[in-house]
Structures are given as C-alpha cells and as structure tokens.
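I opened a new structure today and kept notes as I went. Here is what I looked up, entry by entry.

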Amino acid sequence: MGQLRSESSASETEGLARDLKRQKNLDLKSGKDPGAPLHTNAPNDLCPTGSTCSFCQSSKISEATGPMLHYANGNLVTGDAAKQPNVIPVHRVCIDWAPQVYFVDEVVKNLKAEVARGAKLKCSKCNLKGAALGCYVKSCRKTYHVPCAMDISTCRWDHEDFLLLCPVHSHVKFPCEKSRSKKQAIQKHPSLSHLSSHHSNPLEASQDDSKKLVFCGSALSNDEKVLLINYASKVGATVTKFWTSNVTHVIAATDANGACSRTLKVLMAILNGRWVLKMDWIKACMEEINPVEEELYEINVDNQGCHGGPKAGRLRALANEPKLFSGLKFYFSGDYMSTYKEDLEELIEVGGGIVLKSKEELEAQRHECKVDSSRSLVVYNLDPPQGCKLGEEVSILWQRLNEAEDLAANTGYQVIGHTWILESIAACKLQPFVN
C-alpha cells in the first residue's frame, strides 16, 4: 500500500493522480487576490520579508505572489512561531499551484514532500531549483516557479484544475476545455475563483442552503468528471476535488461487480455518515433533471470485498450513535511514510479515536487508574518498504511486530496491523483482533 493517499488517489485514474492539488483556500485575510497579475503601476516589492519562499527561492512579496505564509506541521503559524527552524515559508500563490499540495479543512497536506520534490527541479526560466509546477503535457520536461511562469505571457493557465501549459504546448486543450460549461475557467494568469460549479439556474434559487449539495468524485474517469460537473451546474451544487467536512455525496466509480475503490474519500464518507453512490445516480438524476432517491444507488461493496460500510456509516450517523473509534486510543509504532501516517491519524480522529503521539503518552496511559488497557492499541505498519526482496519483507515485518509487542508487553495493550483500521472503517464495524 505504501501510502494511504496512494490507496485513495494513485489507485484512481492516472489523470486524477496528476490532479493531486489542494482545494483553493478562499479566505484571503490579505484582501488581495494572490494569483492576480501584477499591475504595471504596482510597486515591485510591497512587503519585504526575511523569509525566502521554499518553492520560488525569493523573499519578495507582490500582488502576484500574495503574502508569505509560514507552515509548521501542516498548520499556518505567525509571529514568533513562524521563526522556528521547522517552519516552511511559502508564497500563497506558490503553495496554491504546487501540484501535490492540498488542504483538509485548514491543515495543509504533503507540503514537506512537495518542497523536497521541487528542490530537485530547475525552473526553465530562471534556472533555480524549487520549480514544482510542470507543463500539463506529460512528455514535456518544462518546469517553473509560479512567479516565473506568470512572467511568460504565452503560458496558459487552467484555474479550475490548477494546470499550466508552457509556450510550446499552449495550443493543447485542457481537460475542462472539452466541456463548454467550464470554458470560462481558462485565464491568461491565475486569479481567484471557486472550485464550485455555480451557474444561473432556477433550480439553484430553490435550493435550501441548509441542504446544499456538495459532490466529491472518487476514482472517476475524465468523462465521468465532466458529467458530474455538468449535473452540479444544473442544480446549483458544489463540486470539490478533495474531501471536505461539508461533502454530502461521494460519487465513486465502480467495477463490473459494482465495487468501488477503497479511497480516502470513501472512508471519510463512511466515518461521517455521507452518501457513497454509484455514477448511475448522477445519470438517473440527469434523466429526471432533479435528484432521485439515493438508496437504490448506494454502493454496497468495495474492491477488497468489504460489504455494507457506506449504509452502516450513514445509519450510525442518523441514529447519533457513538463514533466508530470512540473510546479507543492508538499509538503508531515504527516507521511510516509521513503523509500515510497523517492520513491514518486523521481517519482515527474523525472516527472519534485518540492518537497518542509519544511513548511518554503511552506510558502515562499505563499508569492511569481504571484504564481499560484493551482499549489502547499499538499499531504497526504491515506495508514492507518499496524495493526490498521477499525475504527482506518477511524479516522487516517480523521486526516491526516484535517492536510493537515489546511496547505492549506487561500492559495488556492490543497489537494490531494498520490494515485493521482500514478494514474497520470500510465495514463501519470494529474488526476482531488477530493475535
């Protein structure tokens, strides 16, 4: 599995993997559009700063770059906290267009890994490293700092999907240009816009804001994405590329057996009690022009053979039952890919569980009075490192298991592989512990 987001996104179509970009944060405290072109009468340096952007290697602040933001462990920090050594400084426009950076609510994901990736890539304009934004054409090796690309008048920008075409390939069509309803998203330079699909429509005016439809696609083909966006535009719904807490329907691709991929979006929907539906629901709604009853189109099985999770999660939420991991505490033992571990921790917390961040916290739990030790779980990674041989895999997994068992020794804590978490969510039922 290697990484939960690989399970949730790389298992989707290649185009969707390429689309791993964060949903635009529209709460601009500066009051300026960070992606707006720099006006000719604007000063070149509006707000000098001692920080240097981790992507474009510049400390200059302009209308084009937006403010310099500082992130620590995925959270935006200011003041003295922004001066700490673990902080990553980035221009707002640079982080907005970093291809593999995205947000879950207000927490940025994958920023450190994306900075590391960009550090290996030289900008085709200025020849400095940190050029994370590449041309949309897969065979093209042009990469840019966002401010550098904005200085090239013949680059083309797709603000809907956060894509760039270099001057050589500016004639190529973006995916959204294949759909007439999305052509207005193409702009010569980045500018502030929503990812939602709002259009003038009499149906939209009749929508109750408290029941606003928010769609999120999972593993959809390009044609299915276009169909989803077209339907959303007709009913005044919002379409988001990434899971957010206000999603009402996850629309998932299914195989010939009606099974969906076990993506992060699907797991989040189960934990939050949201609809997980086949694409056939959208097609039926298009035929009726209005939403049809969802239950007939609810997905019942995933591609790993787990049945009934979406419905069970929805019924649990409707009944206001305790969350799936309520009362459970988890400690992660051993090595994980950082973004993978972050996703697992987030799933646990959304499911009502508690993540113990250190061995000290684990030890403190041991000494607490009246603590049910069977409700504290030590989690070890069942995914072998990539590239190792079969014999090495077995040795590494045994070592991880032994380390987890040593931590749990004399405490009564339960040792589980990390897949127990995923299986429990997929079924919306705690799975048996396997000794």
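**Entry 1: His91 and its neighbours**

I started with the contacts of His91. Leaving out residues up to four places away in sequence, I found that His91 touches Cys53, Cys56, Ser58, Ser59, Lys60, Ile61, Thr65, Gly66, Pro67 and Met68. I then looked up where His91 sits, and the place is strand E3. Is His91 buried or exposed? Its relative accessible area is 0%. Buried means under 20%, so His91 counts as buried.

**Entry 2: The whole chain**

I stepped back for an overview. I noted that this is a predicted model. The protein chain has 435 residues, and 51% of them count as buried. I listed 14 helices and 20 strands. I also checked how far apart in sequence the contacting residues are. Among contacts with a separation of 6 or more, 64% join residues 24 or more positions apart.

**Entry 3: The buried side of H4**

Next I took helix H4, which runs over residues 111–118. Which of its residues are buried? I found Leu111, Glu114, Val115 and Gly118. These four cover an arc of only 100° around the axis, so they lie on the same side of H4. I wrote down the general rule beside this. An α-helix has 3.6 residues a turn, so residues three or four places apart point the same way. Then I asked what the buried residues of H4 pack against. I found strand E1 (68–72), strand E3 (88–91), helix H3 (92–96) and strand E5 (107–109). Strand E3 is also where I had placed His91.

**Entry 4: H7 and H9**

I turned to a pair of helices. H7 covers residues 222–235, and H9 covers residues 279–288. Their axes come within 10 Å and cross at roughly 45°. That angle makes H7 oblique to H9. I noted the crossing as left-handed. Which residues make the contact? From H7 I listed Glu224, Leu227, Leu228, Tyr231 and Lys234. From H9 I listed Met279, Ile282, Lys283, Cys285 and Met286. I sorted the residues of this contact by class and got seven nonpolar, no polar and three charged.

**Entry 5: H8 and H11**

I looked up a second pair. Helix H8 spans residues 264–272, and helix H11 spans residues 338–350. Their axes are 10 Å apart, and the packing angle is about 15°. Angles under 35 degrees count as roughly parallel, so I put H8 and H11 down as roughly parallel to each other. The crossing of H8 and H11 is right-handed. On the H8 side I found Leu264, Leu267, Met268, Leu271 and Asn272. They meet Asp343, Glu346, Leu347 and Val350 in H11. By class, the contact of H8 with H11 has six nonpolar, one polar and two charged residues.

**Entry 6: Positive phi in two loops**

Last, I checked backbone angles. Gln57 is not a glycine, yet its phi is positive, at about 65°. I found Gln57 in the loop between helix H2 (14–18) and E1. Its relative accessibility is 39%, so Gln57 counts as partly exposed. Asn127 is not a glycine either, and its phi is positive at about 70°. Where is Asn127 found? I traced Asn127 to the loop between H4 and strand E6 (133–134). Asn127 has a relative accessible area of 51%.

Terms used:
Residues are numbered from 1 along each chain as its sequence is written. This is a predicted model: local features need pLDDT of at least 70, side-chain atom pairs count only at pLDDT 80 or more; totals for chains, interfaces and linings use all residues. Side-chain values use heavy atoms; hydrogens and water are left out. Buried means under 20% relative accessible area, exposed over 50%, partly exposed in between (1.4 Å probe, protein chains only). The arc is that of the directions from the helix axis to the C-beta atoms. Contact means heavy atoms within 4.5 Å. Axes are lines fitted to C-alpha atoms, for helices over the stretch in contact, and angles run from 0 to 180 degrees between N-to-C directions. Angles under 35 degrees count as roughly parallel, over 145 as roughly antiparallel, 65 to 115 as roughly perpendicular and the rest as oblique. A crossing is left-handed if the near helix is turned anticlockwise from the far one by less than a right angle, and right-handed if clockwise. Ala, Val, Leu, Ile, Met, Phe, Trp, Tyr, Cys and Pro count as nonpolar, Asp, Glu, Lys and Arg as charged, and the others, Gly among them, as polar.
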